[in-house]
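User: Could you walk me through some backbone and aromatic details of this model?

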Amino acid sequence: MKTLTSTLSSLMLLAAAACGANPGEVPTSSLDTTQQELPCETCEPGGGGGDDDDTPPIIVHGYEINLPLLNPSKMPPGWCTVDIGYGEGHVFRCADWGRGTMDWGGGNAVFHVNSGGSWYSSTEFYNGRIFVEVPKAEGFVPIAQTLGFYTHPQNVPGLVRGSIEMLTLKPNPSEVILAVQVNQGGVWTDVSTSRSTITNIRQMHELQALVYPNQEVRFEVRAKARPDAYSEYFLWKVRMFGAQCYPDFSNGTGCL
């Protein structure tokens with residue numbers, strides 16, 4: 001028990017796929033990334049009942065890649081904002097105000113975004129949101145993803161956690177599938193998935209998985225589509241916890 005817990009408690013480094021920089025050289029400031037140390041809710045805590053076993057709970061220690069959905073200074077190429085005052089304004093496609101993909105590069109994107117209902121706000125909880133309209137289809141359609149590369153200085157497995165904050169407009173209720181994936185021979189394969197019911201109440205949905213080192217890892221969100229109408233969702237946050245390399249969302253290349 002002590003050996004397993006100690007192994008999984010080690011520092012987890014998750015470098016963005018486009019990076020290639022030494023994680024030790026990555027700045028620890030700017031962007032929507034913050035150093036965190038969180039307990040692992042699903043891991044068996046240390047301490048087997050004996051007086052000589054004082055092993056602490058497993059700790060996931062690292063950084064997060066947090067897509068800057070509502071940050072007007074970090075819009076991806078082809079997307080613009082217009083301020084209406086009080087730190088609020090529209091998020092829209094620069095060319096035609098239509099639907100499209102918000103793509104920051106490096107595998108970080110939100111799909112099927114509708115300019116008409118997307119806003120940024122300094123008080124994000126009330127007004128800021130990204131409006132996603134999933135086209136008519138059967139089954140589940142990817143609406144968001146973030147991509148990294150899992151590595152570890154001691155070459156051991158570690159936990160990767162993805163989360164999304166969202167609600168559904170219609171249909172209500174609806175469903176999402178969260179997936180942590182790894183790239184195996186050019187094919188993305190699910191390591192862990194969860195299926196959740198969502199309503200018109202804003203909530204956070206999370207998933208974590210044990211990932212082996214030295215491979216690409218992706219957090220993907222798939223929303224339920226309808227064959228007869230668009231499915232509509234509001235998004236506030238898309239993030240993958242454990243990032244040691246900060247994607248340069250302002251320029252779309254490499255690490256900051």
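Analyst: Happy to! Helices (H or I, at least four residues) and strands (E, at least two) are DSSP runs, numbered from the N terminus. This is a predicted model, where local features need pLDDT of at least 70 and side-chain atom pairs count only at pLDDT 80 or more, while totals for chains, interfaces and linings use all residues. Residues are numbered from 1 along each chain as its sequence is written, and side-chain values use heavy atoms, with hydrogens and water left out.

User: Where is P173 found, and what is the omega of the peptide bond from N172 to P173?

Analyst: Most peptide bonds are trans. The bond from N172 to P173 is cis instead, and P173 has its place in the loop between β12 and β13. P171 is found in that loop between β12 (158–170) and β13 (174–184) too, and a cis bond joins K170 and P171, with omega about -5°. For N172 to P173, omega is near 5°.

User: Is Y86 buried or exposed?

Analyst: Buried means under 20% relative accessible area, exposed over 50%, and partly exposed in between (1.4 Å probe, protein chains only). Y86 is found in the loop between β5 (79–85) and β6 (88–93), and has a positive phi of about 60° although it is not a glycine. Its relative accessible area is 79%, so Y86 is exposed.

User: How are the rings of F92 and W97 arranged?

Analyst: Rings of Phe, Tyr and Trp (its six-membered ring) pair if their centres lie within 6.5 Å; planes under 30 degrees apart count as stacked, over 60 as edge-to-face and the rest as tilted. By this rule there are three aromatic pairs. The centres of F92 and W97 are 4.2 Å apart and their planes are at 15°, so this pair is stacked.

User: Which kind of pair do F131 and F234 form?

Analyst: Both F131 and F234 are buried. Their ring centres lie 5.6 Å apart with the planes at 80°, so the pair is edge-to-face. The pair links distant parts of the chain, with F131 in strand β10 (residues 130–134) and F234 in strand β17 (residues 231–241), 103 residues apart. The kind of pair, then, is edge-to-face.

User: What is the distance from the charged end of R99 to the ring centre of Y230?

Analyst: A charge sits over a ring if NZ of Lys or CZ of Arg is within 6 Å of the ring centre and within 35 degrees of the ring normal. R161 lies over the face of F241, at 5.9 Å from the ring centre. The charged end of R99 sits over the ring of Y230, and its distance from the centre is 4.7 Å.
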